[in-house]
Amino acid sequence: MNTDKLGFSIEEAVEFSGIGRTRIFAAINAGQLVARKFGRRTVLLREDMEAFLRALPAREPKDGAPATDDEFLGEA
């Protein structure tokens, strides 16, 4: 896929983001992701996809504390 594109179809947005088609549509319907229409085609701008992905919450470590380098590399 050419990731230099300005806009993505839903299928391309799925591939670009790693998020499933159903979840992409759910984000659009919830107003979390801006979609544009051109005739029957739904287009997601690259900048809107990037902003949506950046706005997602960061995942916290399970125990709430960051892993040390040794733990991260499996050496602890």
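How many helices and strands are there in the protein? The protein holds four helices and three strands. The structure described here is a predicted model. Read from the N terminus, the elements follow the order β-α-α-β-β-α-α.

**The sheet**

The three strands form an open sheet in the order β1-β3-β2, and their pairing is antiparallel. Strands β1 (7-8) and β2 (36-38) stand at the edges with a single partner strand each, so one side of each has no neighbour in the sheet. Strand β2 and strand β3 (residues 41-45) run antiparallel and are joined by three bridges. Within this pairing, arginine 36 has valine 43 of β3 as its bridge partner.

**The packing of two helices**

Helix α1 (residues 10-17) packs with helix α3 (residues 46-55) at an angle of about 45°, and their axes lie 12 Å apart. Angles under 35 degrees count as roughly parallel and those from 65 to 115 as roughly perpendicular. The two helices α1 and α3 are therefore oblique to each other. The crossing of α1 and α3 is right-handed. The residues that make the contact are listed by helix below.

| Helix | Residues in the contact |
|---|---|
| α1 | Ala13, Phe16 and Ser17 |
| α3 | Arg46, Met49, Glu50 and Leu53 |

**Arginine 46**

One residue of this contact may be considered on its own. Arginine 46 has its place in helix α3, and Arg46 is among the residues through which α3 meets α1. Is arginine 46 buried or partly exposed? The relative accessible area of arginine 46 is 23%. Buried means under 20% relative accessible area, and exposed means over 50%. Arginine 46 is therefore partly exposed. Along the chain, arginine 46 and aspartate 4 are 42 residues apart, while their C-alpha atoms are separated by 8.6 Å.

**The protein as a whole**

Two values describe the whole chain. The protein has 76 residues, of which 24% count as buried. Among the contacts in the protein with a separation of 6 or more, 46% are accounted for by residues 24 or more positions apart.

In summary, the predicted model contains four helices and three strands.

Methods. Residues are numbered from 1 along each chain as its sequence is written. This is a predicted model: local features need pLDDT of at least 70, side-chain atom pairs count only at pLDDT 80 or more; totals for chains, interfaces and linings use all residues. Side-chain values use heavy atoms; hydrogens and water are left out. Two strands pair if DSSP finds at least two bridges between them. Axes are lines fitted to C-alpha atoms, for helices over the stretch in contact, and angles run from 0 to 180 degrees between N-to-C directions. Angles under 35 degrees count as roughly parallel, over 145 as roughly antiparallel, 65 to 115 as roughly perpendicular and the rest as oblique. A crossing is left-handed if the near helix is turned anticlockwise from the far one by less than a right angle, and right-handed if clockwise. Contact means heavy atoms within 4.5 Å. Buried means under 20% relative accessible area, exposed over 50%, partly exposed in between (1.4 Å probe, protein chains only).
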